[in-house]
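I opened my notebook beside the structure viewer and wrote down what I looked up, one entry at a time.

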Amino acid sequence: MTKAELLDYIKENFSGELEVIENEHPEPYFIVKAQDLVEFSRFIHDDERLLMTFLMNLSAVDTTEQFEIVYNVCSYRFKHRIYFKIIFDYIKPEFDSVIDVWRAADWYEREIWELFGINVKGHPNLKRFLLPDDWDDGYPMRKGWQGKNVIPMPERK
């Protein structure tokens with residue numbers, strides 16, 4: 001499928017709401033409502049014309065006003081891929097795990113939980129693997145984080 005065909009197919013066949021992010025990248029990019037994350041993931045994974053069975057990457061973004069979780073998935077069979085993200089605010093930072101859809105989400109979700117302090121609902125094994133077990137110095141990937149022994153970079157003039 002071309003980018004336009006892939007965009008149209010997903011918009012026409014997913015029952016939830018999607019927002020298309022217009023960009024110059026060769027892959028479609030969507031914003032998915034956080035409450036639709038698992039349903040959307042299951043749809044693009046299982047749909048016989050999509051079969052996006054490979055989670056290439058999963059990362060978090062702290063914009064200081066909200067968090068974004070960005071997914072990059074592809075289909076080996078059809079040689080196409082998409083990006084999508086969910087957005088939520090700082091008040092109660094959490095999202096649903098997609099580990100039942102893509103097993104590879106395990107480590108990515110743990111990393112987000114550990115370094116951003118974002119709860120991953122339904123994840124079966126949220127344990128530290130990057131920071132020491134007794135870490136109590138906040139979440140080092142959040143913007144504005146000031147650890148006990150961190151020397152901030154000088155401001156640019």
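**Entry 1, helix H3.** I looked up which residues of H3 are buried, a word that stands for under 20% relative accessible area, with exposed meaning over 50% and partly exposed in between (1.4 Å probe, protein chains only), and I noted Ala105, Asp106, Glu109, Arg110, Ile112, Glu114, Leu115 and Phe116. This is a predicted model, in which local features need pLDDT of at least 70 and side-chain atom pairs count only at pLDDT 80 or more, while totals for chains, interfaces and linings use all residues. Residues are numbered from 1 along each chain as its sequence is written, and side-chain values use heavy atoms, with hydrogens and water left out.

I then asked what the buried residues of H3 pack against, and I wrote down strand E3 (54–62), strand E4 (66–75), strand E6 (94–96) and strand E7 (119–121). Helices (H or I, at least four residues) and strands (E, at least two) are DSSP runs, numbered from the N terminus.

Helix H3 covers residues 105–116, twelve residues in all, and its span from first C-alpha to last is 16 Å, close to the expected 16 Å, where the expected value is 1.5 Å times one less than the number of residues. After H3 comes Gly117, for which I noted a positive phi near 70 degrees.

I found Ser41 in helix H2, which runs over residues 37–46. Ser41 counts as buried because its relative accessibility is 0%. Apart from neighbours within four places in sequence, Ser41 is in contact (heavy atoms within 4.5 Å) with Phe84, Val98, Val101 and Trp102.

I found Glu17 in the loop between helix H1 (3–13) and strand E1 (18–20). Glu17 counts as exposed because its relative accessibility is 55%. Not counting residues up to four places away in sequence, Glu17 touches Ile31, Lys33 and Asp36. I also looked up Glu17 and His80, which are 63 residues apart in sequence and 21 Å apart in space, C-alpha to C-alpha.

I noted three helices and seven strands in the protein chain, and from the N terminus on their order is α-β-β-α-β-β-β-β-α-β. The protein chain has 157 residues, of which 39% count as buried. Of the contacts with a separation of 6 or more, 50% come from residues 24 or more positions apart. Taken along the principal axes, the C-alpha atoms fill a box of roughly 50 × 45 × 25 Å.
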